[in-house]
Amino acid sequence: MLLLLLKALHIIGFTAWFAGLFYLVRMFVYHTEAYDKQQPEQDILRKQLHLMETKVYKIICTPAMILTYICGTMMIIDYGMDWFKVNGWLHVKLTLIILLTGYHHYCKVLIKRLAVAKTGFSSFQFRLFNELPSLFLIAIVLLAVFKNKLNFLYAIIGILIAGLLMFLIARIYKNKRDSNPK
């Protein structure tokens with residue numbers, strides 16, 4: 001019963017973590033675009049977006065990440081080290097989670113940078129940056145569902161294709177926005 005509770009809380013945690021990251025980086029897009037607005041609108045938007053980014057990071061993303069880590073670690077402990085050693089899929093998943101954690105912490109750096117100046121990223125680049133968690137999500141879910149049965153070559157090719165499609169859709173959207181400015 002404890003294992004089922006841990007799994008449920010783990011799913012809730014990573015769902016909230018991903019939702020927070022998706023929303024946070026979307027706000028980076030708007031924050032970057034706010035720098036192009038006239039005063040006083042620019043200052044009002046930047047101040048509000050900074051407040052929202054900070055709250056989403058501190059109140060949603062970080063607690064959800066911690067819940068994900070705690071429950072995931074407790075499940076690994078419950079399954080045992082022998083189980084851990086023979087499940088290569090979990091080692092790949094944990095590597096992806098460490099990389100996602102790096103992404104999470106880099107978002108904190110971007111919050112601080114956006115509060116004082118443009119970051120050097122365009123809104124389009126932030127739109128692409130916002131798609132990285134999608135690729136992490138696809139890979140992590142595939143690993144968790146298929147476990148050792150997952151064909152890594154097909155999975156990598158599928159994720160690369162998904163990434164390419166996301167890029168192409170973002171590029172089409174950018175071209176449409178650029179050709180129809182408001």
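Let's start inside the protein, at cysteine 61, which is buried, with a relative accessible area of 0%. Cysteine 107 also counts as buried, because its relative accessibility is 0%. Do keep in mind as we go that this is a predicted model.

How far is the sulfur of cysteine 61 from the closest cysteine sulfur? The distance is 7.3 Å, to the sulfur of cysteine 107, and that is too far for a bond. A disulfide is a covalent bond between the sulfur atoms of two cysteines, and the cut-off used here for the sulfur pair is 2.5 Å. Cysteine 107, seen from its own side, is in no disulfide. A search of the whole structure finds zero disulfides.

How confident is the predictor in all this? The protein chain has an average pLDDT of 94, and 99% of the residues score at least 70. Among the elements of the chain, helix H2, residues 41-79, has the highest mean pLDDT, at 97, while helix H7, residues 152-179, has the lowest, at 89.

From the first C-alpha to the last, its 28 residues reach 40 Å, close to the 40 Å expected at 1.5 Å a residue. At the start of H7, asparagine 151 places a side-chain oxygen within 3.0 Å of the backbone nitrogen of leucine 153. Which residues of H7 are buried? They are Ala155, Ile159, Ala162, Gly163, Met166 and Ala170. An α-helix has 3.6 residues a turn, so residues three or four places apart point the same way; that is a handy thought when you look along this list. The buried residues of H7 pack against helix H5 (123-129) and helix H6 (132-146).

Now turn to helix H1, residues 2-34, where you will find glutamate 33. Is glutamate 33 buried or exposed? It counts as buried because its relative accessibility is 17%, and the cut-off for buried is under 20%. Beyond its neighbours within four places in sequence, glutamate 33 is in contact with Ser123, Arg127 and Arg177.

Our last stop is arginine 113, in helix H4, residues 88-116. At 40% relative accessibility, arginine 113 counts as partly exposed. Once its neighbours within four places in sequence are set aside, arginine 113 is in contact with Tyr106 and Thr119.

Key: Residues numbered from 1 in each chain as written. Predicted model: local features only at pLDDT ≥ 70, side-chain atom pairs only at ≥ 80, totals over all residues. Heavy atoms only, no water. Helix = DSSP H or I, 4+ residues; strand = E, 2+ residues; numbered from the N terminus. Buried < 20%, exposed > 50% of the residue type's maximum accessible area, 1.4 Å probe, protein only. Contact = heavy atoms within 4.5 Å. pLDDT = per-residue confidence, 0-100. Expected span 1.5 Å × (residues − 1). Polar contact = N/O pair within 3.5 Å; in protein donor to acceptor, adjacent residues only side chain to side chain.
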